Amino acid sequence: MIQKKSALQIAEVLIEALPYIQRFKGRTVVVKFGGNAMVDEDLKHCFAQDIVLMKLVGINPIVVHGGGPQIGQLLQKLGKTTGFVDGMRITDSETMDVVEMVLGGLVNKEIVNLINRHGGKAVGLTGKDGDFIRAKKLLLNTVDSLALTKSAPEIIDLGHVGEVSSIDPAVVDMLGRSDFIPVIAPIGVGDDGHSYNINADLVAGKIAEVLKAEKLILLTNTAGILDQQGNLLTGLTLKDIDNLIADGTISGGMIPKTRCATDALKGGVNSVHIIDGRVDHAVLLELFTNQGVGTLLLSRPR
């Protein structure tokens, strides 16, 4: 039998979630799944439960996932070594075969299976399905690179590493607005017919833009965007982000993530959330509670 105090606490949680459920019913939320949440067994199950609950209360979740650590592990087992430039893996044809095997196969199907085990109806996709993610080769200019030296600018060819050139939302939109939950591996196809590995944050952001999603949620291995004293910042606008990058508060690997967020906001996404994927049920806590568990970014002040 539930104790009275416990019952009241449960009721309070549900009542706090109610206005958020009402507000977001029928809306699309794109979630980038990565970091610790993808490798910790308990966190994986929490994430799957969160996605299923979102769907059951009328929200249309779309999951985009990474898989860098899993790719690295398989390459190591195969005795294949790869280099990195600014955190991006140099990907030759042989490595790309492994990337497709891991992202489009092992990781994607594991996530689909987890969601289905918790009562959802997930469908796994890559950008090659329905030709919905068109890609082009990413050529890195050392002028823009963290590896900048005093030498003349150099164009670095990373192989089968791409960027999004266009997205046809028809397949994902059809699935998202039905009983199904799309789970997308960030692999696109170029005009040359080659496959390209694309940063999962960028794919999630572009899909959110094209679908005019209510929210884009990026799971990370940090609490969110922190100030120089280590305090969590939230309610940030585009101007705030520019200022925080300019003064060095946002630096390193958080810069491309926030750039992805600001591009999504400029593209019509209502809000972006950079949240701590190390927290159990982080997605539900960010969506349905007043406090949340990360950084909220907005195109303009509320």
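Me: Helices (H or I, at least four residues) and strands (E, at least two residues) are DSSP runs, numbered from the N terminus. What kind of model are we looking at?

Reply: Residues are numbered from 1 along each chain as its sequence is written, and side-chain values use heavy atoms, with hydrogens and water left out. Local features need pLDDT of at least 70, side-chain atom pairs count only at pLDDT 80 or more, and totals for chains, interfaces and linings use all residues; this is a predicted model.

Me: Thanks! How many salt bridges does the structure hold?

Reply: Let's start with the rule: a salt bridge is a side-chain nitrogen of Lys or Arg within 4 Å of a carboxyl oxygen of Asp or Glu. By that rule, the number of salt bridges in the structure is 13.

Me: How many residues separate Glu41 and Lys44 in helix H2?

Reply: These two form a salt bridge, with their closest N and O atoms 2.8 Å apart. Both belong to helix H2 (residues 41–56), and about one helical turn lies between them, because their separation along the helix is three residues.

Me: Is Lys44 buried or exposed?

Reply: Buried means under 20% relative accessible area, exposed means over 50%, and partly exposed is in between (1.4 Å probe, protein chains only). Glu41, at 46%, is partly exposed. Lys44 has a relative accessibility of 6%, so Lys44 counts as buried.

Me: Which helix holds Glu110, the residue that pairs with Lys44?

Reply: Glu110 and Lys44 meet through their side chains in a salt bridge of 2.6 Å, N to O. This pair joins distant parts of the chain, 66 residues apart: Lys44 is in H2, and Glu110 (residues 93–117 being its helix) is in H4.

Me: Which residue is linked with Lys32 and Asp201 in a network of salt bridges?

Reply: The side chains of Lys32 and Asp201 form a salt bridge of 3.5 Å, N to O. Lys32 sits in strand E1 (residues 28–33) and Asp201 in helix H6 (residues 200–210), 169 residues apart. Both are buried, and the network that includes them also includes Lys257.

Me: How far apart are the end C-alpha atoms of helix H8?

Reply: The expected span of a helix is 1.5 Å times one less than its number of residues. Helix H8 (residues 254–266) has 13 residues, so it should span 18 Å, and this agrees with the distance between its end C-alpha atoms, 18 Å.

Me: Which residue with a positive phi follows H8?

Reply: H8 has several buried residues, including Lys257 and Leu265. Contact means heavy atoms within 4.5 Å, and the elements its buried residues pack against include E1 and H6. With a phi near 115°, the residue that follows H8 is Gly268.

Me: What is the nearest side chain of opposite charge to Glu286?

Reply: Here Lys and Arg count as positive and Asp and Glu as negative, while His and the chain ends are not counted. Glu286 lies in helix H9 (residues 282–288). Glu286 is buried yet has no salt bridge, and at 6.8 Å the nearest side chain of opposite charge is Lys215.

Me: Which residue in E8 is the bridge partner of Thr126?

Reply: Strand E5 (residues 122–126) is largely enclosed by the rest of the structure, because four of its five residues are buried. Two strands pair if DSSP finds at least two bridges between them; E5 and strand E8 (residues 181–185) pair in the parallel sense over five bridges. In E8, the partner of Thr126 is Ala185.
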